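User: Hi! Could you walk me through this model?
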Amino acid sequence: MKAYLIDPKEKTITEVNYGGDWRTISQHCDCNTLDMVRLNDQHDSVYVDDEGLLNGAAERDGVFMLTFASPVGEPRRVPIAGKGLVLGHDLMGDSADCRMSLADLQAMVTFPNDQLIARTLMRASAENNSPEGVDKAPN
């Protein structure tokens, strides 16, 4: 299945082949626990390290910023620590080819240029009242 791997340490987004075994998602993300962020109405989502704010993933693997439309319509910016794997899903929730294009995903992802900026973003996110550390995107 077509998937995309976001690697903040290398500052790359690459197309990868996902074999369909849910147990390998954590291997792609180099983590033990996973969380998922819905990206669009076409059932594309990104799997991320659920403990990335706590386990040093920001310093070890880097940080990327994800900007996407929220259910209430306002764009949201989310700092993510560690790698992310973007997959599609069918109506039953099973994995499917990612429907978005690489260019669309690249438009949603930015990589902070400096580790100090990345650490500051992660610290601010951890202090945010929402568990996901979601902030409104700047206008």
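Analyst: Happy to; here is a short chat about the chain and a few of its residues. This is a predicted model, where local features need pLDDT of at least 70, side-chain atom pairs count only at pLDDT 80 or more, and totals for chains, interfaces and linings use all residues. Residues are numbered from 1 along each chain as its sequence is written, and side-chain values use heavy atoms, with hydrogens and water left out.

User: Switching to Asp 49: where does it lie?
Analyst: Asp 49 is in strand S4, residues 44-49.

User: And which side chain of opposite charge is nearest to Asp 49?
Analyst: Arg 60, 4.5 Å away. Asp 49 is buried yet has no salt bridge. Buried means under 20% relative accessible area, exposed over 50%, partly exposed in between (1.4 Å probe, protein chains only). A salt bridge is a side-chain nitrogen of Lys or Arg within 4 Å of a carboxyl oxygen of Asp or Glu.

User: What backbone nitrogen does the Asp 49 side chain reach?
Analyst: That of Glu 51, at 2.9 Å.

User: New topic: what's phi for Lys 11?
Analyst: Near 55°, a positive value in a residue other than glycine. Most residues other than glycine have a negative phi. Lys 11 is found in the loop between strand S1 (2-7) and strand S2 (12-17), and is partly exposed, with a relative accessible area of 40%.

User: How about His 43, where does it lie?
Analyst: In the loop between strand S3 (34-38) and S4. His 43 has a positive phi of about 70°.

Key
Helix = DSSP H or I, 4+ residues; strand = E, 2+ residues; numbered from the N terminus. Lys, Arg positive; Asp, Glu negative; His and termini not counted. Polar contact = N/O pair within 3.5 Å; in protein donor to acceptor, adjacent residues only side chain to side chain.
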